[in-house]
Amino acid sequence: MRSVGTDMPCSHRKSATLSLSEVLVRAKTQNSALRLKVNTVVNALNHQEDMTPIMHALMPDRWKVLRMLQVVTSDLAVSSEDFLAFVARHDALREVMCVEDNDDMSESYIMVDPLGRFFQNTAGQKGFLSRFSVIADTDIFPVAAV
């Protein structure tokens, strides 16, 4: 992935490199319909972080904060207390923040595990649907009868 400004000669690069927030401001100037949505999966590695500065810099229209769903391992799982502490720490961003705990995600998403199997969180249990190579997407997402 290239940094912004890397197509310029080396002598001008340092002053021409833009921050992500500057790139977003310029992009929104060129396309006023542009909307930024950020997803954060809260886990054992980031639950103590303060993401307020980056969210203020990015100015997302929506920030979805999801608690890590234990799919393959629980090694990076966070407790309810740690997740709620993360949410509380970011209360100043509540106008753009959309919080989803594991119970909120029950039967809300179709996900893919590392083995390529579709699965869904159903009442706290993983329900595997099938593998990509074995079944067509129309079998997994049937067309609704009209």
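Me: Which residues does Val65 touch, not counting residues up to four places away in sequence?
Reply: This is a predicted model, in which local features need pLDDT of at least 70, side-chain atom pairs count only at pLDDT 80 or more, and totals for chains, interfaces and linings use all residues. Residues are numbered from 1 along each chain as its sequence is written, and side-chain values use heavy atoms, with hydrogens and water left out. Contact means heavy atoms within 4.5 Å. With that cut-off, Val65 touches Thr40, Val42, Phe83, Phe86, Val87, Met97, Cys98, Val99 and Glu100.

Me: Which residues touch the most other members of the largest nonpolar core, and which element gives the most to this core?
Reply: A nonpolar core is a set of buried Ala, Val, Leu, Ile, Met, Phe, Trp, Tyr and Cys residues joined through side-chain atoms within 4.5 Å; buried means under 20% relative accessible area, exposed over 50%, and partly exposed in between, with a 1.4 Å probe and protein chains only. Of the 14 residues in the largest core, those touching the most other members are Val42, Met55, Trp63, Val65, Phe83 and Phe86. Two or more residues come from each of E1, H3, E2 and H4, where helices (H or I, at least four residues) and strands (E, at least two) are DSSP runs numbered from the N terminus. The element that gives the most to this core, with 3 residues, is H4.

Me: Why are the buried residues of H4 on the same side of the helix, and what covers them?
Reply: In helix H4 (residues 80-89), Phe83, Phe86 and Val87 are buried. They share a side of H4 because they cover an arc of only 95° around the axis, the arc being that of the directions from the helix axis to the C-beta atoms. On the other side, Glu81, Leu84 and Ala88 are exposed. The cover of the buried residues includes strand E1 (37-42), strand E2 (62-67) and strand E3 (97-100).

Me: In what order do the 3 strands form the open sheet?
Reply: Two strands pair if DSSP finds at least two bridges between them, and E2 and E3 pair in the parallel sense over 4 bridges. E1 and E3 stand at the edges, each with a single partner strand, so one side of each is left without a neighbour in the sheet. The pairing is parallel, and the order is E1-E2-E3.

Me: At what angle does H4 run to E2?
Reply: Axes are lines fitted to C-alpha atoms, for helices over the stretch in contact, and angles run from 0 to 180 degrees between N-to-C directions. H4 lies across E1, E2 and E3. Its angle to E2 is about 165°.

Me: Is His47 buried or exposed?
Reply: His47 is placed in the loop between E1 and helix H3 (52-58). Leaving aside neighbours within four places in sequence, His47 is in contact with Val42, Val78, Asp82, Phe86 and Arg89. With a relative accessible area of 13%, His47 is buried.

Me: How far apart in space are Arg62 and Arg35?
Reply: Arg62 lies in strand E2 and counts as partly exposed, at 33% relative accessibility. In sequence, Arg62 and Arg35 are 27 residues apart. In space, C-alpha to C-alpha, their separation is 8.4 Å.
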